[in-house]
Amino acid sequence: MLFLKRYLPLVICGFTGVVFGIQYYVPHKASEDLLTFINDWMIIIFGFSMILALASLFHVHYQKIRRRQSGWGFSLIVFIAIIVTVIIGIISQGETVDEKGLTSFGWIYTNMLVPLSGTMFSILAFFIASAAFRAFRARTLDAFLLLFAAIIIMFGRVPAGEYLWSKIWGAEFPLQMGDITEWIMGVLNMAARRGILLGVALGAIATSLKIIFGIERAYLGEKE
Amino acid sequence: MRKIANILLNLDRRIIFLLIAAAVLVPLLRPFNLPGISISQPVKGVYDKIESLAPGDVLFISMDFDPTAKPELYPMGISILRHAFSKDLRVICMTLWAPGVGMAEEVMSKVAREYHKEYGKDYAFLGWMPGQLTVIIGLGQDLKKTFPKDFYGNKTDRLQIFENINSLRDIDYMVDLAAGDPGIETWYLYGKEKYGFELGGGCTAVIAPGLYPFLQTGQINGLIGGMRGAAEYETLLNRKDKATVGMDVLSTTHFLIIGLVILSNIFYLITRKGKTVR
Amino acid sequence: MDLSILLGAWVAAGLTLFIFSFLYKDNFFFKLGEHLYIGVSVGYSITLLIFKFMRPKWFTPLFGEHQWILLIPTLLGILILTRFIPRLSWPSRLTFAFIFGFGAGLTIPRSISGYILQQIQGTVIPMITKEGTQISYTFRDFSNLLVFIGVLTVLIYFFFSVEHKGAINILSRIGILFLMISFGASFGYTAMARMSLLFGRCYDLTLFSSKRYYYATPILLCLIILCFLIHHVLSKKHSV
């Protein structure tokens, strides 16, 4: 039983990792067919994993209702919204539009999901402005550079900024605002981002190797 | 003076909220119609590539975003499709984001109607499939096996548009409109890297700075960043739409934030100066 | 106007205002909108999963076309669901091992060639211009030099295996300066993104304020403000 529970998963993980790592360097038809075949399985497995994710959410809200925790009524609303959406989705056969226009399912998407999710993220605009007012202080050289870059980019990436710049320096001035912001983005920002990217890529490779060799086992629910 | 600065520094945040709301609403109700915007090289990269394609070439678009990114990526999708259909390209569209299916379908059918394009011959919508990177690999290996049916339930091997399209190797250009992960990087790493198609990107402004390393190496041939990028594309097409309308709002809100930051720093210096003296 | 379009406009305007009401304070309307958002998006995903994935990609090939080989990924998929029963959850490890092994195998070669090699290639680029026997130094060369210095110093900053002292400290300080400029640029872009989203919602709200939509936005806004006032008066009375 210990073999099934502990060692077999490590063997499967190591084996598939090595096989599909090597597969990349073997352009033979058999190797490509294997990738196509197994990849198709993975799509189906991913579909089932979505059920796991959705069920976890159900579980959280069910527990809230069962224990009558504060705000449990809102968890009930979550359930009602899920059930109503799914029922309407089934009636519409999952189609958002038909020959007459929007289906009921499409109506829910357009008039409920789109405004709700759009607004949920748009309120961050207010908080970002408030945070900038409260916390953006040029206390040190680092903070000053951060603030300065932010101001240049915010000024230069809008038509009013470009217009003002060309009014001050003239339209024939060789250094226009668009060139400055593009240079900051494409040289200074890019260099820093590349440093981060290389670090992340090296980290991803190291973690992948640890997973293949069974050193990293967190995905099995083990602590070490 | 210090007292006033202190009061202003501790301003109720709802006053700042009101200022932001005004900065958005005023240009919306009374547009300034600021002069044209300059075109950046990354946006021109995508435009030039589509411009260079011949009628009948295949453009593959993945609209990997959800309603949260609608104001930035929806106008981009509209503009790119207008450009593609005006050049009589064949367009295949899909999404890796489940909540984005409705919007991707809407953009596609709206612009196709505008140009009187025929479904299955001039364009097709594959819809959504779970699996993210495995979907990309599947498309690279065998498109019709990965998507046996399109979004509307038609068999892909029976649609005319897919006649000579068996995998991502057969497409002429791909544009990924992304709001995060899976997005442009995923399409590059698991798609272009192996299957060798030309890749361009459009993305939200939040993720745009992180994609410049790929732009410089040519791993992506162009990048349309945020609503500003979408407005640039509209300018290139000479067809101003919602993204261009939004430029007035971006101008006022950006100027307001810049003003707030400068003012808060002045207030901060005043209060600090006072403390040093004491 | 079609009733469903009109109703849609009122619902969309109402829900948008529900979420915006959080700017005043956390309240019932916001919570209602927030939980509706979760419920509707989950319901939407479930429906898509059934009709756009399960049916065409799994159910029809397996039971309609009898592709029995699909029983293997089906079994692996079902094993994931054993995670719900803690005592019997161990079989899910087999599937997770398969997924992670596959993912790790795919990631390593692609990251090496797609990220590391290509990015290094893009960093080590000419820093002087040579045309025939003539050597010149352009602004582009200066930018290339900055890219090289930036990448190198940022990597040094993140290299914690060596103590940051002396020359290493100076280089990592330069790396921090590059990072600060990049973070500043990111802030500018993030502000732009958020303002764009706000523009999108306000655009719709102003659209729904028109006579065509029977002044949905101002009417609903007044109703919400009225509810806040009534709540405020009642709670004040209650506290007295």
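**Exercise 1. Give the order of the elements along chain A, then count the helices and strands.**

Step 1. Read from the N terminus. The order in chain A is α-α-α-β-β-α-α-α-α-α.

Step 2. Count by type. Chain A has eight helices and two strands. Helices (H or I, at least four residues) and strands (E, at least two) are DSSP runs, numbered from the N terminus.

Step 3. Note the ground rules. This is a predicted model, where local features need pLDDT of at least 70, side-chain atom pairs count only at pLDDT 80 or more, and totals for chains, interfaces and linings use all residues. Residues are numbered from 1 along each chain as its sequence is written, while chains are lettered from A and ligands numbered from 1 in the order in which they are written.

**Exercise 2. Describe the dimensions of chain A and its burial.**

Step 1. Take the radius of gyration, computed over C-alpha atoms. Chain A has 27 Å. A compact globule of 224 residues would have a value near 17 Å. That rule is 2.2 Å times the number of residues to the power 0.38.

Step 2. Take the box. Along the principal axes, the C-alpha atoms of chain A fill roughly 75 × 50 × 45 Å.

Step 3. Take burial. In chain A, 42% of the 224 residues count as buried. A residue is buried if 20 or more other C-beta atoms lie within 10 Å of its own, exposed if 12 or fewer, and partly exposed in between; C-beta atoms are placed from the backbone.

**Exercise 3. Describe the side of chain A that touches chain C.**

Step 1. Count the residues in contact (C-beta atoms, placed from the backbone, within 7 Å). The contact joins 97 residues of chain A and 101 residues of chain C.

Step 2. Find the elements. Those giving two or more residues on the chain A side include α1 (2-23), α2 (29-66) and α8 (177-212) of chain A. The most come from α8(A), with 22 residues.

Step 3. Sort by class. This side of chain A has 72 nonpolar, 20 polar and five charged residues. Ala, Val, Leu, Ile, Met, Phe, Trp, Tyr, Cys and Pro count as nonpolar, Asp, Glu, Lys and Arg as charged, and the others, Gly among them, as polar.

**Exercise 4. Locate the largest nonpolar core.**

Step 1. Recall the term: buried Ala, Val, Leu, Ile, Met, Phe, Trp, Tyr and Cys residues joined through C-beta atoms within 7 Å. The largest core has 200 residues.

Step 2. A:Ala129, B:Leu59, B:Cys93 and B:Leu211 have the most contacts inside it. Helix α6 (residues 166-207) of chain C gives the most to this core, with 16 residues.

Step 3. Domain 1 (2-27 + 252-277) and domain 2 (41-246) of chain B both give residues to it, so the core lies between them. Domain bounds come from an automatic or database domain assignment.

Step 4. Follow one member. A:Ala129 touches B:Ile16, B:Ile20, B:Ile257 and B:Leu260, not counting residues up to four places away in sequence.

**Exercise 5. Explain why strand β5 of chain B is largely enclosed.**

Step 1. Check burial. Five of the five residues of β5(B), residues 199-203, are buried, so the rest of the structure largely encloses this strand.

Step 2. Check both faces. B:Leu199, B:Gly201 and B:Cys203 are buried on one side, and B:Gly200 and B:Gly202 on the other.

Key: Two residues are in contact if their C-beta atoms, placed from the backbone, lie within 7 Å.
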